[in-house]
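Good morning, everyone, and thank you for making the time.

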Amino acid sequence: MDFFKYQGAGNDFVLIRSLDCRAELSEQEIIRLCDRRYGIGADGLIILESSPVHDFSMRFYNNDGSTGMFCGNGGRCIIDLAWRSGLPASGADGSWTFSAPDGLHSGKVLSHEGRRSQILLGMNDITSVEAMRLPAEPGQEATAWKMNTGTEHLVIFKDNIEDMDVQSEGRRWRYAPQFAPKGVNVNFVQSTGAGSGLLRVRTYERGVEYETLSCGTGIIAAAVAAWLRGDHSGKYTLRSTHDTFSVSLSRRSGIFTDILIEGPAEQVFQVIV
C-alpha cells in the first residue's frame with residue numbers, strides 16, 4: 001500500500017492507494033492513523049481502489065472511523081491522486097468516473113502547479129430540502145435548511161460568523177434532539193452583501209467533532225441554501241477559512257442537478273511502502 005497526505009482547502013486526509021483492493025483497516029487503526037499526536041494526523045482517511053466497471057472506487061472514513069458518507073474535498077483529492085498515479089480516464093474530456101458511498105461521481109484536473117491542482121468535481125442530485133424554523137436569536141435568520149449532499153447538512157445564515165464560537169454552536173445543533181440519532185453537519189453561512197455573490201462558510205463536521213478548515217459537501221449545501229433564499233443565478237463563490245470555491249447548479253422539477261464544485265487539492269507528502 002502507498003500512503004499519501006492530502007489537503008483540500010485545509011481539509012486534510014490520509015489517502016491510501018490500494019489498487020489490488022487489499023487495504024482493510026479496523027476502526028481503531030483508522031483512528032490511530034488520523035490522530036494528530038500519535039499518527040499521521042487528518043480529518044479523515046480515504047482508500048483508492050480499482051473498480052471492475054468504473055475508473056476507480058473511493059472509500060471514505062471520518063477520523064473517528066465512521067463511514068457511509070461522501071466527502072467533497074476528499075473527492076477532489078482522490079481525483080488528483082488518480083491523475084498523478086496515471087490511472088486512465090474514461091471521459092472524452094479527460095474526466096474520471098468513480099464510485100463512492102453515495103453513488104457515482106466524475107471529475108477532472110483543470111490545472112496544476114507542483115503539488116497543487118485545481119479540480120472540478122460533479123456532485124449527485126439533491127432531491128429533497130427541508131426548511132426548518134429556528135428559535136429567534138440576534139443576527140440569525142429564522143429559516144435553516146437541511147439536506148443531504150452526500151451526507152446530512154444543516155445550513156444556518158447569520159449576520160457575522162467571523163467571531164462566533166463554531167465549536168460550541170456547531171456541537172449544540174449537531175446533537176440537537178431533532179437530528180438524533182445520527183446527528184448532522186452544521187454550516188454557518190454569511191452573505192457578504194447584496195450583489196457581491198460571495199458567501200462565507202464555516203462548518204462543524206459530524207464524525208470529526210470540530211470545525212474543519214473547509215467542508216466540500218457543506219459548501220454545496222450553502223450554495224443550495226443561497227438559491228432557496230432567492231439567489232437563482234446558479235453560480236456561487238464561497239469562501240472557507242483560507243480558500244475559495246466555485247459552485248454551479250440548476251433546478252428542474254424541484255431537484256437540484258448539474259452540481260459542480262471547483263476547488264483546490266494538494267498532495268502534501270507520500271510514503272511508498
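Before I point at anything, one term is needed: when I call a residue buried, I mean that its relative accessible area is under 20%, whereas exposed means over 50% and partly exposed lies in between. Please also keep in mind throughout that this is a predicted model.

Let me begin with helix α2, which covers residues 72–84. Its buried residues are Gly 72, Asn 73, Gly 74, Gly 75, Arg 76, Cys 77, Ile 78, Ile 79, Asp 80, Leu 81 and Ala 82. Because 11 of the 13 residues of α2 are buried, this helix is largely enclosed by the rest of the structure. From its first C-alpha to its last, α2 reaches 19 Å, which is close to the 18 Å expected at 1.5 Å a residue. After the helix comes Gly 86, which has a positive phi, near 80°.

Now please turn to helix α4, residues 216–228, where 13 residues at 1.5 Å each should span 18 Å, and where the end C-alpha atoms are 19 Å apart, so the two values agree. In α4, 12 of the 13 residues are buried, and this helix is therefore also largely enclosed by the rest of the structure. Among those buried residues are Gly 216, Thr 217, Gly 218, several alanines and Trp 227. Following α4 we find Gly 230, whose phi is positive as well, near 125°.

From the helices I move to the aromatic rings. How many aromatic pairs does the structure hold? There are three aromatic pairs, and I will describe two of them. Phe 56 and Phe 98 form a stacked pair, with 4.9 Å from centre to centre and 5° between the planes. Since Phe 56 lies in strand β4 (residues 56–62) and Phe 98 in strand β5 (residues 96–100), this pair ties together parts that are 42 residues apart in sequence. Both Phe 56 and Phe 98 are buried.

As Trp 227 belongs to helix α4 and Phe 256 to strand β16 (residues 255–272), the pair ties together parts that are 29 residues apart in sequence. Trp 227 counts as buried because its relative accessibility is 16%, and Phe 256 is buried too, with a relative accessible area of 1%.

Rings also take part in contacts with charges. The charged end of Arg 229 sits over the ring of Phe 157, 4.0 Å from the ring centre, and the charged end of Arg 174 sits over the ring of Tyr 175, 4.0 Å from the centre of that ring.

A search of the whole structure finds one cavity of 30 Å³ or more, and about 100 Å³ of space lies in the largest cavity. Which residues are closest to its centre? Of the 14 residues that line the cavity, they are Asn 62, Met 69, Phe 70, Thr 151 and Glu 205. By class, the lining has five nonpolar, seven polar and two charged residues.

What kind of peptide bond joins Ala 180 and Pro 181? It is a cis bond, with omega about 5°, and Pro 181 lies in the loop between α3 (166–174) and β11 (185–191).

Note on methods
Residues are numbered from 1 along each chain as its sequence is written. This is a predicted model: local features need pLDDT of at least 70, side-chain atom pairs count only at pLDDT 80 or more; totals for chains, interfaces and linings use all residues. Side-chain values use heavy atoms; hydrogens and water are left out. Helices (H or I, at least four residues) and strands (E, at least two) are DSSP runs, numbered from the N terminus. The expected span of a helix is 1.5 Å times one less than its number of residues. Buried means under 20% relative accessible area, exposed over 50%, partly exposed in between (1.4 Å probe, protein chains only). Rings of Phe, Tyr and Trp (its six-membered ring) pair if their centres lie within 6.5 Å; planes under 30 degrees apart count as stacked, over 60 as edge-to-face and the rest as tilted. A charge sits over a ring if NZ of Lys or CZ of Arg is within 6 Å of the ring centre and within 35 degrees of the ring normal. On a 1 Å grid over the protein atoms alone, a cavity is a set of points where a 1.4 Å probe fits but cannot get out, and a pocket is an open set with protein on both sides within 12 Å along at least five of seven lines; lining residues have an atom within 4 Å of a point. Grid points are joined across faces, edges and corners, and a volume is the space filled by probe spheres set on the points. Ala, Val, Leu, Ile, Met, Phe, Trp, Tyr, Cys and Pro count as nonpolar, Asp, Glu, Lys and Arg as charged, and the others, Gly among them, as polar.
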